[in-house]
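The sequence and the structure come before the description.

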Amino acid sequence: MLVIVTTSRDPSTPGIDVGGLVLSVLAVGTLVYTVIEAPEHGWASIASLAGFALAAAFFVALVLWERNHNDPMIDVTLFANMRFTAASASVTFAYFALFGFIFLISQYFQLVRGYGPLETGLKFIPVAASIAVGSVLGTILAVRIGNKIVVSVGLILFTSAFAWISTLSTATSYLEIAGQMIPLGLGLGLTSAPATEAIMGAVPKEKAGIGSGMNDATREVGGTLGVAVIGSVYASLYTSGLTSSDTTSNLPDDATSAVQDSIGGAVIASEQIRAAGDSSTADAITTAANTAFLDGLTAGSYVAATVTAVGAVIAAVFLPSRPQ
């Protein structure tokens, strides 16, 4: 390998950009924390608005710092290249949707359908298999018909998958759920490989490390925001659904708090009440919690579908037609 693969080391070997590192952590950390806490405080509350404003300030400070730093951690001028920006956005949106899906569907399998952890993991095989197939197809098709079409189609597959996932119910068969996973996995495979090529092709060879780092960062930031945003949207609807439910009005305060906090808390409370001999109340809690969870899952699916649809438009407009 050392003989075949030539080095891409940057001859200037810049030092560590401590300021950029700290500001990037503060910016992303503040944004994610604010999104996670928004369901509790309220999306339009002073705490949430202040958090979003502070996160925006950190992002602005990061851009200004990197623009004026001699050896920036993130070369923000790369984003002036729409090929780089559109490809980065495509990867970010794809992983935003994927991680949000995994966050919700894992709870659906274990807490709504009652599957164990190992069984739940095995039920994700259609996603993994279709990602593998999509990645191979994405590379082949990108060379033949171009990045623009392949990435756009991949994100459209994501959108269609989430439109289908939004119809989940407690009676949905696993065969149908597996069918929903296939376009999602194919979408990620078709998106990821060609978009990665576009990112790496937009940077000089000696800056390949920066391109690779940005490619990884877009995945991690997209996934983190996906869990935070989709999870918070779900949590908001779940809590509001159970708060307005008559089922929780007659429960003790500690049980009400547990049921409204999460579907996991509702499952535990239901099991405890059933063990105490009150099966009818336990069944009512389970039904109300499942209904609220599915309402939140539907809303989260709509958010993911919207994000990937926007990503498909961006890819169709700004990505180059073919790899360069």
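Along the sequence, the chain follows the pattern α-α-α-α-α-α-α-α-α-α-α. It contains 11 helices and 0 strands, where helices (H or I, at least four residues) and strands (E, at least two) are DSSP runs numbered from the N terminus. The model is predicted: local features need pLDDT of at least 70, side-chain atom pairs count only at pLDDT 80 or more, and totals for chains, interfaces and linings use all residues. Residues are numbered from 1 along each chain as its sequence is written, and side-chain values use heavy atoms, with hydrogens and water left out.

Taken along the principal axes, the C-alpha atoms fill a box of roughly 75 × 45 × 35 Å. The chain has 324 residues, of which 45% count as buried (under 20% relative accessible area, with exposed over 50% and partly exposed in between; 1.4 Å probe, protein chains only).

Pockets and cavities are found on a 1 Å grid over the protein atoms alone. A cavity is a set of points where a 1.4 Å probe fits but cannot get out, and a pocket is an open set with protein on both sides within 12 Å along at least five of seven lines. Lining residues have an atom within 4 Å of a point. Grid points are joined across faces, edges and corners, and a volume is the space filled by probe spheres set on the points.

| Space | Volume | Lining by class |
|---|---|---|
| Largest pocket | about 690 Å³ | 15 nonpolar, 5 polar, 1 charged |
| Second largest pocket | about 410 Å³ | 8 nonpolar, 7 polar, 3 charged |
| Largest cavity | about 50 Å³ | 7 nonpolar, 3 polar, no charged |

In these classes Ala, Val, Leu, Ile, Met, Phe, Trp, Tyr, Cys and Pro count as nonpolar, Asp, Glu, Lys and Arg as charged, and the others, Gly among them, as polar.

The largest pocket is lined by 21 residues, and Leu62, Ile74, Phe79, Met214 and Val221 lie nearest its centre. Two or more lining residues come from each of helix H1 (18-41), helix H2 (46-68) and helix H8 (208-243). H8 gives the most, with 8 residues.

The second largest pocket has about 410 Å³ of space. Its lining has 18 residues, and the closest to its centre are Ile36, Pro39, Ala235, Thr239 and Asp261. At least two residues each are supplied by H1, H3, H8 and helix H9 (253-261). H8 has the largest share of this lining, 9 residues.

By the grid rule, the count comes to 1 cavity of 30 Å³ or more. The lining of the largest cavity consists of Gly100, Phe101, Leu104, Ile105, Phe162, Ile165, Ile230, Leu297, Gly300 and Ser301. Helix H3 (82-112), helix H6 (147-165) and helix H11 (279-318) each give two or more of these residues. The largest share, 4 residues, comes from H3.

On the surface, Val133, Leu137, Leu141, Ile145, Ile149 and Val153 form a nonpolar patch with about 450 Å² of accessible area together. Helix H5 (125-145) and H6 each give two or more residues to the patch, and H5 has the largest share, 4 residues. Accessible areas come from the Shrake-Rupley method with a 1.4 Å probe, and for residues only the protein chains shown count as cover. Leu137 lies in helix H5 and counts as partly exposed because its relative accessibility is 38%.

Note on methods:
Patches are made of residues with over 30% relative accessible area and no salt bridge: like charges are joined within 9 Å, nonpolar side chains (Val, Leu, Ile, Met, Phe, Trp, Tyr) within 5 Å. A salt bridge is a side-chain nitrogen of Lys or Arg within 4 Å of a carboxyl oxygen of Asp or Glu.
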